[in-house]
Amino acid sequence: MNIILLGLNHKTAPLEIREKLSGAASDETHPLREIMQIAGVREAFYLSTCNRTEVFFHVDEKPEETLGLLKAYLRKRGNFGAEDIDRYFYLHFDENALSHLFRVTSSLDSMVMGEPQILGQVKESYREAVDNDATGILLNKILHHAFRVAKRVRTETGIASHAVSVSYAAVELAKKIFGNLAGKTVILVGAGEMSELAARHLMQHGASRILIANRTFERSVQMADFFRGEAIRFEDLEKRLQEADIVITSTGAPNYVISQEMVASALHRRKNRLLFLIDIAVPRDIDPAAGQLDNVYLYNIDDLQDIVDENRNIRQLEAEKAEAIVADEVKRYWEWYNTLEVVPTIVSLKEKTEAIVRGELEKSSPWIQNLPEEERVHIEGLLSSVVNKILHDPIVGLKDKTIHRSAKPYIAAIKHLFKLEDEPSKKRSE
Amino acid sequence: MDKILLNIALVGYFVSTTGYLGSLLIRRIFLAKISTWLLAFAFFFHTATLFTQYILTGQSPVTNIYGSVSFFAWVIAGAYLIFQIRTKTRTLGAIVCPLTFLLVLAASQLLHGGGLLPHNLQGPLVTIHVMLSVTGEALFVLVALAGMLYLIQDYQIKKRRFGALTRLLPPLKDLDRINHYGLLLGFPILTFGLLAGSTWAGEVWGSHWHWDPKLIWALLFWLCFAFVLHQRLAIGWSGHKAALLSLVFLIVLLVSLTVVTLSFPTIHTFR
C-alpha cells in the first residue's frame, strides 16, 4: 500500500465543491510544493481540471498518517467542511489507483468519454510535477505508462472516432460530402453558440472562407472580425448564396429565411456543385423542401442530434474494449512492480559486476599470463575488493530501505541504471 | 513465362479481392488499405504479363478476344489505382478488384483457347483501334461503378442514415471527381479508337460504315458517352444526375459488348 490516489470528479462532487479546488490552482504557490512538504510523501502528482482534482502520490511508510495530513491540507486549501472530504473524495490504493489514473488519462472517466483534452491536461500537470521536483522514478514510469495506455486506447478502439457534439457531427458530414474541406466557403447566417462553434470547427478542418450575414450589419462586422471572414448584408444573402458550399443558419426568425427557390437558383448558378445546408435554428430557417433538390443535403438540429446519440452508443461499446486494455496494462505494470524485490536485485547486481571483472581479466590475459602466479592472484583479489567496496554502501542502504518498505523506487533506479532487466513497456511485442 | 507472371497477378488480385470484401464485412478501413497495395502488386505483375506476351509473340496483347478482356481489366485496375492516389475512394476497390479478378481469370483460362484474328484483321491500325476503344470503354465502366457507389452514398446521406456504411463509403465529391475525369479522359480515347476502326474498315471493307448491329450499338454507346459528357460540361450536371446517367448508359455498353456480339450476325467478329 504505497501508491495512493485521492480525488474527486464530476460524478462524485457538484460544481460548488469542485470549483473550490480548481479555482485555487492558479495562485502563486503550486499545491505540489505544499504537498511535498507533508511528512511521508515521496513523490506526488496533482491534476486539476474543471471536472476533477486528483492527487496521486507515493508514500514512504505509515500511509494512514500521511493520508490524514493530506486530507487536512486539502480541507484547508478548499475551505471544506469537516465531512466534505470523506463525502466527496474517492480513495484508491495500489492497482486500483493505477487503474483509475490510466482510465482518467485514456478519457474513460471523462464527462464526454473519448474527448481528447484530458490527455493534454494530464501531460501538462505531469510537466508541472517535474518542474516542482515532485516526481521520482516510480511516478515517472507510471505517468509514461499512462500516456502509452491512452495512446493504445485511442488507436485500438473507436472511442474517440465518432463525433459526439452537434458541431463535430456537422464536420464529419461535411467530410463525407466534400471529402476535403480545403477551399470550401461557409456562409454563417445568424448568430448562436452552436452555429459559431460548427463554423469554427469547419474552418479548423480546412474550410478557407467564411461569409457572415446577420439581421444587423454591425453584428455581422463584429463576427467577421472574430472569424476573419467577410460580413455581408442580410438582403444580399440570396445573391451570395451561390458562393457557399456549406450554409449554417441559426437566426431567431419565425419564418423560413432560405426558401427552396433560393436554394434552387443558387444551385443553378453554381452549376450544381454540392451544397450542404445545416439548419440549427428552432423554428427552422431553411425550407425542408430544399433538401429534396439534387446535390443538396439538408440537416436540421434533430438530424444532427440523432447522429450524436448513435455515436454515443458506439462509443459506449468501444469503451468496453478500452476498459479491457486498461485492465491488461494495469496487470502488466503491477507484475513488473512486484518484481522489484531487494534480494534478486542485489544478486543480479553482483552477478553483473562479477561478469565484468571476469571479462576484463580475460581481455588482458596476454600480459597477465606472463606474471608470476602470486601477483596474478593479488591483482584478481584487488579488483574484486574494489568492486565490493563500491557496491557495499548501496547494498546496505537498500537492505535498510527494505525495513522501511520504501526500497522499490531505489530498486527501480538501480535496475534502470545498471540495465539489469527490460522495462515492462519494452517487453510488449509491438 | 507469361503464364507464371499472369498466375502471380491472379493470386494477387484474388487476395486483394478477399481483403477488400473482408474490409467491408468487418467495417474496418485498414484492411482495404492493405488490399490497395496488393492490388498495386497484382497490377504490376499483370503489366509484366502483357509486356512479356508482346516480347515473346511479337504481337500486341489484344490480337484475340481474351487478350482484349485481360487488357480491359488491366485498364480498369490501373485507372482505379491512379484515382486512388488523388481521392479517398478505397471502397471503390471492393467493386473494381473483384471485377478485375473475374475478368482476368476468365481471360487466363481461355487465353490459349482463342485463336488469332483472321489475317485481314491484323495490323497496327487494328491494334490501335482495339486498345483505344477498350481503354475508353474501361474508363467508362470505372465511371459507372463510381456512379453506383455515388448513388448509394447519396441516398444514405439524403435519408440521414449516417451509419457504418456511410463512414465506409467514399466522400461524394471524390466519386464525382472520378466521374468528371473518367469521362473527360475516356471520351477522346474512345473517339480516336472508333476513328481508327473506321479508317481500317475503309481499307478492308471498302466502306467506313456498315449498317451492322455491332457497329450501330457501338455508335449508340459513343453518342451516350458524348451526351453525359456534354451534360456535365455544358449544362453542369454533376453529382447525382451524372452518376445516374453513367450507370444507365453502362447498360448500353454491356449490351453492346455481350448480347450484340454473341447473338447477332455481325461482320465485326473476332472469328
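Domain bounds are those of an automatic or database domain assignment. This is a predicted model, in which local features need pLDDT of at least 70, side-chain atom pairs count only at pLDDT 80 or more, and totals for chains, interfaces and linings use all residues. Residues are numbered from 1 along each chain as its sequence is written, while chains are lettered from A and ligands numbered from 1 in the order in which they are written.

**View 1. The two domains of chain B and the contact between them.** Chain B is divided into domain 1 (1-116) and domain 2 (117-271). Their C-alpha centres lie 19 Å apart. Domain 1 of chain B and domain 2 of chain B each bring 24 residues to the contact, where two residues are in contact if their C-beta atoms, placed from the backbone, lie within 7 Å. On the side of domain 1 of chain B that touches domain 2 of chain B, α3 (65-86) and α4 (93-110) of chain B each supply at least two residues; helices (H or I, at least four residues) and strands (E, at least two) are DSSP runs, numbered from the N terminus. With nine residues, α3(B) gives the most to this side. By class, the side of domain 1 of chain B that touches domain 2 of chain B has 14 nonpolar, seven polar and three charged residues. Here Ala, Val, Leu, Ile, Met, Phe, Trp, Tyr, Cys and Pro count as nonpolar, Asp, Glu, Lys and Arg as charged, and the others, Gly among them, as polar.

**View 2. The contact between chain A and chain B.** Chain A contributes 16 residues and chain B 17 residues to the contact. On the side of chain B that touches chain A, α5 (124-158), α7 (172-204) and α9 (240-263) of chain B each supply at least two residues. The helix that gives the most to this side is α7(B), with three residues. The residues of the side of chain B that touches chain A comprise five nonpolar, six polar and six charged.

View 3. The domain assignment of chain A gives domain 1 (3-156), domain 2 (166-307) and domain 3 (340-427). The C-alpha centres of domain 1 of chain A and domain 2 of chain A lie 43 Å apart. Six of the seven residues of strand β1 (residues 3-9) of chain A are buried, so the strand is largely enclosed by the rest of the structure. A residue is buried if 20 or more other C-beta atoms lie within 10 Å of its own, exposed if 12 or fewer, and partly exposed in between, with C-beta atoms placed from the backbone. Strands pair if DSSP finds at least two bridges between them. β1(A) pairs with strand β3 (residues 52-59) of chain A in the antiparallel sense over seven bridges, and Gly7(A) has Glu54(A) as its bridge partner in β3(A). Four bridges join β1(A) to strand β4 (residues 90-93) of chain A, also in an antiparallel arrangement; in β4(A), the bridge partner of Ile4(A) is Phe93(A).

**View 4. The surroundings of Ile35(A).** Ile35(A) is found in helix α2 (residues 31-35) of chain A. This residue is buried, with 22 other C-beta atoms within 10 Å. Not counting residues up to four places away in sequence, Ile35(A) touches Val41(A), Ala44(A), Tyr46(A), Val55(A), Leu70(A) and Tyr73(A).

**View 5. Strand β5 of chain A between two parallel partners.** Four of the five residues of strand β5 (residues 185-189) of chain A are buried, so the strand is largely enclosed by the rest of the structure. Five bridges join β5(A) to strand β6 (residues 209-214) of chain A, and the two run parallel. Within β6(A), Ile212(A) is the bridge partner of Leu188(A). From β5(A) the chain crosses through helix α9 (residues 193-204) of chain A to β6(A) in a right-handed β-α-β crossover, meaning that, with the strands pointing away from the viewer, the path from the first strand over the helix to the second runs clockwise. β5(A) also pairs in the parallel sense with strand β8 (residues 246-249) of chain A, over four bridges. In β8(A), Val247(A) is the bridge partner of Ile187(A).

**View 6. The two sides of helix α12 of chain A.** Val263(A), Ala266(A) and Leu267(A) are the buried residues of helix α12 (residues 260-269) of chain A. Seen down the axis of α12(A), these buried residues fall within an arc of 100°, so they line one face of the helix; the arc is that of the directions from the helix axis to the C-beta atoms. They pack against β9 (275-279) and β10 (296-300) of chain A. On the other side of α12(A), Glu261(A) and His268(A) are exposed. Following α12(A) is Lys271(A), whose phi is positive, near 55°.
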